[in-house]
Amino acid sequence: MWQIGIVLDDRDAGMASLSEVFGVSWIHATRNLDIMHGDDPINLDLEIGLAQQGPVHLEILGAQDGTPWNPGHGLDHIANWADYLAGTAARKEAAGINSEVRYQGDDGP
């Protein structure tokens with residue numbers, strides 16, 4: 001299973017366009033986050049749209065000035081789920097794929 005995350009200046013317009021192209025339905029969500037942006041702690045309500053097309057999850061994030069999700073940002077992340085996280089990370093590294101893992105599973109980070 002894969003997830004593609006995209007930051008759009010107009011989240012709702014982007015979701016409408018992708019619905020037209022891919023025929024997906026969206027779940028609207030707001031996620032309240034306390035994060036560090038540089039040296040500054042910020043709290044924000046991140047507006048998210050989620051859809052699934054086969055094994056691909058689409059995540060549209062609403063851009064917000066002064067956050068990691070700045071306007072004009074574009075592609076934010078490509079993620080995949082793995083049953084054995086350490087083994088998958090090792091195979092990606094051996095193939096020359098630079099990964100950043102922020103989730104910790106039972107087998108470690």
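Gly54 lies in the loop that joins β3 to β4 (56-62), where helices (H or I, at least four residues) and strands (E, at least two) are DSSP runs numbered from the N terminus. The model is a predicted one, in which local features need pLDDT of at least 70 and side-chain atom pairs count only at pLDDT 80 or more, whereas totals for chains, interfaces and linings use all residues. Residues are numbered from 1 along each chain as its sequence is written, and side-chain values use heavy atoms, with hydrogens and water left out. Gly54 counts as partly exposed, because its relative accessibility is 49% and that class falls between buried (under 20% relative accessible area) and exposed (over 50%), with a 1.4 Å probe and protein chains only. Although Gly54 and Met1 are 53 residues apart along the chain, their C-alpha atoms are separated by 8.6 Å.

The protein contains two helices and five strands, and its elements follow the order β-α-β-β-β-β-α from the N terminus. Of its 109 residues, 27% count as buried. Among contacts (heavy atoms within 4.5 Å) with a separation of 6 or more, 49% are between residues 24 or more positions apart. The protein exposes about 7400 Å², of which carbon and sulfur atoms supply 51%; accessible areas come from the Shrake-Rupley method with a 1.4 Å probe, and for residues only the protein chains shown count as cover.

In soluble globular proteins, nonpolar side chains tend to be buried together. A nonpolar core is here a set of buried Ala, Val, Leu, Ile, Met, Phe, Trp, Tyr and Cys residues joined through side-chain atoms within 4.5 Å. The largest such core has nine residues, namely Val7, Leu33, Ile35, Leu44, Leu46, Ile48, Leu61, Ala63 and Trp69. Two or more residues of this core come from each of β2 (27-37) and β3 (40-53), and β3 gives the most, with three residues. Apart from neighbours within four places in sequence, Leu44 is in contact with Arg31, Asn32, Leu33, Ile35, Gln64, Thr67 and Trp69. A second, separate core has six residues, including Met15, Trp26, Ala51 and Ile60.

At the surface, Trp2, Leu75 and Ile78 form a nonpolar patch with about 330 Å² of accessible area together. Patches are made of residues with over 30% relative accessible area and no salt bridge, like charges being joined within 9 Å and nonpolar side chains (Val, Leu, Ile, Met, Phe, Trp, Tyr) within 5 Å; a salt bridge is a side-chain nitrogen of Lys or Arg within 4 Å of a carboxyl oxygen of Asp or Glu. Trp2 belongs to strand β1 (residues 2-8) and is partly exposed, with a relative accessible area of 43%.
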